[in-house]
Amino acid sequence: MWWRSSMAGLLLTVGMFGRATTGAAEPTFTVQRPEQVRPFASSGEVQLALLAQTPGMNIRVNKLTGRIEPHEHPQSHHFLYLIKGQIELTVGEEMRRIRAGDFVTIPPGSVHAMQRIGASEALFLDIAAPPDVGDVVWHE
């Protein structure tokens, strides 16, 4: 379980640096606990909270209570780190069960979807490089 302590330390260190940046300002040193971040967007089964943003990346905490429909990010690499819970993640035609401690890489342009598994919410970091603001295409 050492990795959980290490990840918690990383989250505390990364925290909210640059939360208010617009790409022009330098990030500042701040500390925040991901589970206490206020959501900036909520869509029924998912809450997103921005931890940090620079011109090269954005880092969010996602609380998934249900499903995220199939979508892709044509320009952004996505990296997910599951902190709590389990999800069923589909990338292209491949489906895998992801659990706390797993790290996932999703290449740009890969259609992906996810579904929470079990009774508890799934809490994960979502890192996009470059930032995925406006870089999403939803599929039916």
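Biologist: Which residue forms a salt bridge with Asp126?
Modeller: That's Arg60, and the closest N and O atoms of the pair are 3.2 Å apart. Keep in mind that this is a predicted model.

Biologist: Where in the chain do Arg60 and Asp126 sit?
Modeller: In distant parts of the chain: Arg60 is in strand β3 (residues 58-64) and Asp126 is in strand β10 (residues 122-129), 66 residues apart.

Biologist: And are Arg60 and Asp126 buried or exposed?
Modeller: Both of them are buried.

Biologist: OK, new topic. What does Lys84 pair with in a salt bridge?
Modeller: Lys84 pairs with Glu121, with 3.8 Å between the closest N and O atoms.

Biologist: Why does Lys84 count as partly exposed?
Modeller: Because its relative accessibility is 39%, and partly exposed covers the range between under 20% (buried) and over 50% (exposed). Glu121 is partly exposed too, at 26% relative accessible area.

Biologist: What about Arg96, which side chain does it meet?
Modeller: The side chain of Glu94, in a salt bridge of 2.7 Å from N to O. Glu94 is partly exposed, with a relative accessible area of 44%.

Biologist: Which residues are joined into one network by shared partners?
Modeller: Arg60, Asp126 and Asp132, through salt bridges that share partners.

Biologist: Last one: how many salt bridges does the count come to?
Modeller: Five.

Note on methods
Residues are numbered from 1 along each chain as its sequence is written. This is a predicted model: local features need pLDDT of at least 70, side-chain atom pairs count only at pLDDT 80 or more; totals for chains, interfaces and linings use all residues. Side-chain values use heavy atoms; hydrogens and water are left out. A salt bridge is a side-chain nitrogen of Lys or Arg within 4 Å of a carboxyl oxygen of Asp or Glu. Helices (H or I, at least four residues) and strands (E, at least two) are DSSP runs, numbered from the N terminus. Buried means under 20% relative accessible area, exposed over 50%, partly exposed in between (1.4 Å probe, protein chains only).
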